[in-house]
Amino acid sequence: MTPPTDSDTQRIPGRYWIWLFGAVVSLLGDLTMTFAIGWSATQHGGGVAGLILLLAAAPRAVLLLVGGAIGDKYGAPRVLLVSCTAMFLVTAALVPATLAVGEPVWLLVILALVVGTIDAFFLPSSRSMPRLLVPPAQVPRALASFQVTGVVFAVTGTAVGGVLVSWAGLTAAGGFDALTFGVMIIVLILLRNTIAPPGRMPAGMLRSIGAGIQVAFGRPLTRALLITMTVAAGLLMPLDALLFPLLARDHGWNAATAGLLVASRSLGVGVIALRILMRGAFPRPGIFAALGLLVAAAGLLGLSVLEPLPLTFAAGVLSGIGVGTFTGHVLPLLMNSVEREFQSRLQSIVVLCQSLAIMVANPLLGGLADVSGIGITGVCLAISVAAAITGCVVLTRPVLRSATVA
């Protein structure tokens, strides 16, 4: 297929836009819930917060490969529908539960374990959908459109999430998240007959998982991308749920201000996503992914040393620009490095690698934030240095420097 011209974004199939609507509405609820869990957990200290986030990642890590194989076997839309229905029931049940008992540690632990289990089946199928809905040459723009639309929701949604949490904590967040999953369920029902059925797979779950692992780690480009994304996940993914709330508490800011800080990072991601949507990805995505890590490092450096609120927001935007540059070029490379029939299994491996990184990073970073003499500002500084080193290492890898999307 001939790649679309710079202005030809309308050639993305209409079914993708229907899915995008449901996905970003669901994202709005997820952002609110993620922020709410992080904020509720941090009231018990950085160590407890890191442990709770670890418990969310643990069942996800254990079941992800199974979830990816099931997604490729039965089809991502069908697995998504079941997962969204389960999340709707869980988040709806959270409303009466929190009204009855509040937000004790044991409830946060149960919530983290249940959400992590459902995520093991939801995430691989959800993240494979753009590759299933659009041709390979349009994947960068499709992902960029998700990021741009998602940022519009994230900038407003995370701020609204902060207001909701300030008003009624997990009760409001749970009710709101349930509504957004209800919208996604309707969208998936509308799309159920528009996507080609899954391809043939090896007989047996273990053989299917093994085939996915062989594809993911047997190809030099895919392997290099997985390693890079795993390191970046451990450094950058704890920002929204753990580090930004801790940074806000360290400065004496409330939940609404913390939500705006998270939104500032999302705004930076959106700036880059809009550029990719309008003009396409840069011709050497591996090089620009590395540069994105260096820019993110600069933003994190600002977060560690700047005190005034406007400058902190500016540093948050800069870190988002770096993250957006990194993800906007790495993700299309990764998706197009394997065939359609391996997409859910590939995404399960990606999320597994990221989850393992987070399982190490969240308790480590949360614990370091509680250490006298280090604190949250020291943690941000350490992440900044590590992100810069990672970006420099990526620039030395020929397989990444010479990679192209299509």
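The domain assignment, which is automatic or taken from a database, divides the chain into domain 1 (13-194) and domain 2 (204-405). The model is predicted, so local features require pLDDT of at least 70 and side-chain atom pairs pLDDT 80 or more, while totals for chains, interfaces and linings use all residues. Residues are numbered from 1 along each chain as its sequence is written, and side-chain values use heavy atoms, without hydrogens and water.

**Exercise 1.** Describe the interface of domain 1 and domain 2.

*Solution.* 
- Step 1. The C-alpha centres of the two domains are 19 Å apart.
- Step 2. With contact defined as heavy atoms within 4.5 Å, 51 residues of domain 1 touch 58 residues of domain 2.
- Step 3. Buried area is the accessible area (1.4 Å probe) that two parts lose on being put together, summed over both. For this pair of domains it is about 4,600 Å², with 71% on carbon and sulfur atoms.
- Step 4. Of the area that domain 1 buries against domain 2, 15% comes from Trp39, Arg127 and Arg131, more than from any other three residues.

**Exercise 2.** Determine how many salt bridges the whole structure holds, and how many cross the interface of domain 1 and domain 2.

*Solution.* 
- Step 1. The criterion is a side-chain nitrogen of Lys or Arg within 4 Å of a carboxyl oxygen of Asp or Glu.
- Step 2. The search of the whole structure returns three salt bridges. One of them joins arginine 60 to aspartate 119, with 3.5 Å between the closest N and O atoms. Helices being DSSP runs (H or I, at least four residues) numbered from the N terminus, arginine 60 belongs to helix H2 (residues 46-74) and aspartate 119 to helix H4 (residues 105-133), 59 residues apart.
- Step 3. Aspartate 72 and arginine 345 also form a salt bridge, at 2.8 Å from N to O.
- Step 4. Across the interface of the two domains, the rule finds one salt bridge.

Conventions
Helices (H or I, at least four residues) and strands (E, at least two) are DSSP runs, numbered from the N terminus.
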